[in-house]
Amino acid sequence: MKLFKTLGFVIVFFAITGCTKKENVTETDFTDSLSIENPVVEDSIIVPELSLQTFGFPEEVEGCSCYFAENKTDFEKENFLYVDDYGNSAYIKVDGKLIKIPMEEGDFDPSNFNKNIENEDYSISMSGRKTDEGDETMQFEGVMTVKEKKTGREFTSSVFGECGC
């Protein structure tokens, strides 16, 4: 009878402990749950593009000058992205404000159409090629990039324009 009692006790013990659910967490399960619950987030900052507006000739510009628009149609309508007075100042329009950038004689090389000028807030670089030449003017096509130094925002556009007196 003792045998039946011991056997009955063992059966009841296994019945109770066998019905209890135990979770086995392996290292693999833990790692997988971490990768699902904590996705990798890349560190990236999206900087909005700099926006330039077109404008007509500034009053300060008289005589010899360079003036560029995004295309020939805008050029003919005098909707310029860039104007300079051949050596003293260049002008662009950003956020509705006409920005004046000091220049020096020689900042423009018409033989290979390169310009690189800057002030404390903006840098402008232009490059391209001469497409035509008149009595007192030279026409150019190229690319202009304006960079706002504090934010890193940039504006890049094709340009069409001329320099002359």
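Visitor: How many aromatic pairs does the structure hold?

Guide: The structure, a predicted model, holds nine aromatic pairs.

Visitor: Why is the pair of Phe75 and Phe160 called edge-to-face?

Guide: The ring centres of Phe75 and Phe160 are 5.3 Å apart, and the planes stand at 85°. Centres within 6.5 Å make a pair, and planes over 60 degrees apart count as edge-to-face, so Phe75 and Phe160 form an edge-to-face pair.

Visitor: Which parts of the chain does this pair link?

Guide: Distant ones: Phe75 belongs to helix α3 (residues 72-76) and Phe160 to strand β10 (residues 154-164), 85 residues apart. Both Phe75 and Phe160 are buried.

Visitor: What makes the pair of Phe113 and Phe140 stacked?

Guide: The planes of Phe113 and Phe140 are at 15°, with the centres 4.7 Å apart. Stacked applies to planes under 30 degrees apart, so this pair is stacked. Phe113 sits in the loop between β6 (108-109) and β7 (114-118), whereas Phe140 sits in strand β9 (residues 137-148), so the pair ties together parts 27 residues apart in sequence. Phe113 and Phe140 are both buried.

Visitor: Which residues do ring pairs link into a cluster?

Guide: The cluster consists of Phe57, Tyr67, Phe75, Phe80 and Phe160.

Visitor: Why do Lys149 and Glu118 count as a salt bridge?

Guide: The closest N and O atoms of Lys149 and Glu118 are 2.5 Å apart. The cut-off is 4 Å between a side-chain nitrogen of Lys or Arg and a carboxyl oxygen of Asp or Glu, so the pair forms a salt bridge. Lys149 lies in the loop between β9 and β10 and Glu118 in strand β7, so the bridge ties together parts 31 residues apart in sequence. The structure holds seven salt bridges.

Visitor: What makes Glu141 and Arg129 a salt bridge?

Guide: Their closest N and O atoms are 3.6 Å apart, and the limit is within 4 Å. Glu141 is in strand β9 and Arg129 in strand β8 (residues 122-133), twelve residues apart.

Visitor: How do you know whether Glu133 and Lys130 are exposed or partly exposed?

Guide: Glu133 has 52% relative accessibility, so it counts as exposed, the cut-off being over 50%. Lys130 has 39% and counts as partly exposed, a term for values between 20% and 50%. The side chains of Glu133 and Lys130 meet in a salt bridge at 2.9 Å, N to O.

Visitor: Which residues are linked in a network of salt bridges?

Guide: Asp95, Glu148 and Arg153.

Visitor: Why is Ile99 called buried?

Guide: The relative accessibility of Ile99 is 16%, and buried means under 20%, so Ile99 counts as buried. Ile99 is found in strand β5 (residues 97-102). Leaving aside neighbours within four places in sequence, Ile99 is in contact with residues including Ile92, Val94 and Tyr122.

Visitor: Which residues touch the most other members of the largest nonpolar core?

Guide: Of the 24 residues in this core, they are Leu52, Phe68, Tyr82, Ile92, Ile124, Met144 and Val146. Strands β2 (65-69), β4 (89-94), β5, β8, β9 and β10 each supply at least two residues, and β9 gives the most, with four. Beyond four places in sequence, Ile92 touches Leu52, Tyr82, Ile124 and Val146, among others.

Visitor: Which residues does the second, separate core include?

Guide: The second core has nine residues, among them Phe55, Tyr67, Phe75 and Phe160.

Definitions and conventions:
Residues are numbered from 1 along each chain as its sequence is written. This is a predicted model: local features need pLDDT of at least 70, side-chain atom pairs count only at pLDDT 80 or more; totals for chains, interfaces and linings use all residues. Side-chain values use heavy atoms; hydrogens and water are left out. Rings of Phe, Tyr and Trp (its six-membered ring) pair if their centres lie within 6.5 Å; planes under 30 degrees apart count as stacked, over 60 as edge-to-face and the rest as tilted. Buried means under 20% relative accessible area, exposed over 50%, partly exposed in between (1.4 Å probe, protein chains only). Contact means heavy atoms within 4.5 Å. A nonpolar core is a set of buried Ala, Val, Leu, Ile, Met, Phe, Trp, Tyr and Cys residues joined through side-chain atoms within 4.5 Å.
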